[in-house]
Amino acid sequence: MIKINLQNKKKLVLIISAMILLLVTSLFWFNRRNKSVVQSEPIVSKKKVQSPVNVIPVAERPYLRLEPSADGHYITIKVEEVKKMAQELNYEMEYQTGSMLQGFGGLLRLDKLPIAEKKLFGSQSAGGAITYHEDIKGGNFLAQFIGQENYVVKSAWRYFTNSDHASSFSSQDTKFSITNQDLAKYSYLIVYNSPGYPGKIDQQLLTDPYVVSAEKSLKLLSSQFEVSIRSNEAGQIMGYDGSKWQKMDSRYENGVVKASGPFMDIYLLVKS
């Protein structure tokens, strides 16, 4: 009889212990769940800025540059001057590689200018393997400036892999071209329709501002550059030398304004 009571007591102890363990476990998970609910914060997604493109006057638009890297696999986006105040630049770059359209985006704080960001023409896996895009032809750069008053500018750029040692290059809109025999020594070039220009121009603009860049500075060349800009009227080609605007000796022939001189950071055509 005593033996039977002892067995029952052992079973009862085991049952009570199991119930206590289950109760403690339930309370633990309940408290943890409540704690996580209290601490969680709502996810706030940043809305994409929606503004009309190229509405503000050219005189108020930012001066931007695009420059290729020495190996041609990267592009540097440079914000040189912002005339209409903004705190951030939210950008989208699209470009054509062969028959495919590729792209990337980014966000830059504009606390201090000039500012630059280097981006890859390609993709990188989680393991670090890089795939480079080839046969890049150029594309468009959309720049959304975020501030008290948002505004958006968009402009075209053309990319050259100079494997055939060409010495003359033109813009995507075909209105601008630049020639120098020593350009054949350069491997990668970009002709970019910058949305704006540095400093101040008093005359009326007849064309976009054009920026020419390469994998190394073109100012290393001391020889003269020939610049041509298509126009329906005679005009004056202006060049910015890095500190001030210079009038270039211009002539108008068969719908084209031509000039020659040392290399300039940016070119444009104004009413003469």
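This is a predicted model: local features need pLDDT of at least 70, side-chain atom pairs count only at pLDDT 80 or more; totals for chains, interfaces and linings use all residues.
Six bridges join strand S2 to strand S5, and the two strands run antiparallel.

- Strands of a sheet pair through backbone hydrogen bonds, and the pairing may be parallel or antiparallel.
- Here, 3 strands form an open sheet in the order S1-S2-S5, with antiparallel pairing.
- S1 and strand S5 (115-120) are the edge strands, as each of them pairs on one side only.
- From one strand to the next, the twist of this sheet averages 20°.

- Another open sheet is formed by 5 strands in the order S10-S11-S14-S18-S17, and its pairing is antiparallel.
- Its edge strands are strand S10 (168-170) and strand S17 (250-253), each of which pairs on one side only.
- The twist in this sheet averages 20° from one strand to the next.
- Strand S14 (residues 225-230) and strand S18 (residues 256-261) are paired in the antiparallel sense over 6 bridges.

**Strand S13 and its partner S12**

- Strand S12 (residues 188-193) is joined to S13 by 5 bridges, and the two run antiparallel.
- Tyr192 stands opposite Val211 in S13.
- Strand S13 (residues 210-214) is largely enclosed by the rest of the structure, because 5 of its 5 residues are buried.
- In a regular strand, side chains alternate between the two faces of the sheet.
- In S13, Tyr210, Val212 and Ala214 point one way, while Val211 and Ser213 point the other way; all of them are buried.

- Ser69 is placed in the loop between strand S1 (63-68) and strand S2 (74-81).
- Ser69 has a relative accessible area of 10% and therefore counts as buried, since the cut-off for buried is under 20%.
- Leaving aside residues up to four places away in sequence, Ser69 touches Tyr74, Lys118, Tyr188 and Glu215.
- Leu142 lies in strand S8 (residues 136-146).
- With a relative accessible area of 16%, Leu142 is likewise buried.
- Leu142 and Val152 are 10 residues apart in sequence, and their C-alpha atoms are 7.2 Å apart in space.
- When residues up to four places away in sequence are not counted, the residues touched by Leu142 are Val53, Asn90, Tyr91, Glu92, Val152, Val153 and Lys154.

**Aromatic pairs and an aromatic cluster**

- The model contains 15 aromatic pairs.
- In one of these pairs, the rings of Phe121 and Tyr159 have centres 5.6 Å apart and planes at 80°, so the pair is edge-to-face.
- This pair links distant parts of the chain: Phe121 is in the loop between S5 and strand S6 (122-124), Tyr159 is in strand S9 (residues 151-161), and the two are 38 residues apart.
- Both Phe121 and Tyr159 are buried.
- The rings of Phe176 and Tyr267 have centres 5.8 Å apart and planes at 35°, so this pair is tilted.
- Because Phe176 lies in strand S11 (residues 176-179) and Tyr267 in strand S19 (residues 266-271), the pair ties together parts that are 91 residues apart in sequence.
- Phe176 is buried, with a relative accessible area of 1%, and Tyr267 counts as buried at 0% relative accessibility.
- One aromatic cluster is formed by Tyr95, Phe104, Phe121, Trp157, Tyr159 and Tyr188.
- Phe121 and Tyr159, the edge-to-face pair, are both members of this cluster.
- Tyr188, another cluster member, is also among the residues that Ser69 touches.

**Charged ends over rings**

- The charged end of Lys83 sits over the ring of Tyr197, at 4.0 Å from the ring centre.
- The charged end of Lys216 sits over the ring of Tyr186, at 5.1 Å from the ring centre.

Definitions and conventions:
Residues are numbered from 1 along each chain as its sequence is written. Side-chain values use heavy atoms; hydrogens and water are left out. Helices (H or I, at least four residues) and strands (E, at least two) are DSSP runs, numbered from the N terminus. Buried means under 20% relative accessible area, exposed over 50%, partly exposed in between (1.4 Å probe, protein chains only). Contact means heavy atoms within 4.5 Å. Two strands pair if DSSP finds at least two bridges between them. Axes are lines fitted to C-alpha atoms, for helices over the stretch in contact, and angles run from 0 to 180 degrees between N-to-C directions. Rings of Phe, Tyr and Trp (its six-membered ring) pair if their centres lie within 6.5 Å; planes under 30 degrees apart count as stacked, over 60 as edge-to-face and the rest as tilted. A charge sits over a ring if NZ of Lys or CZ of Arg is within 6 Å of the ring centre and within 35 degrees of the ring normal.
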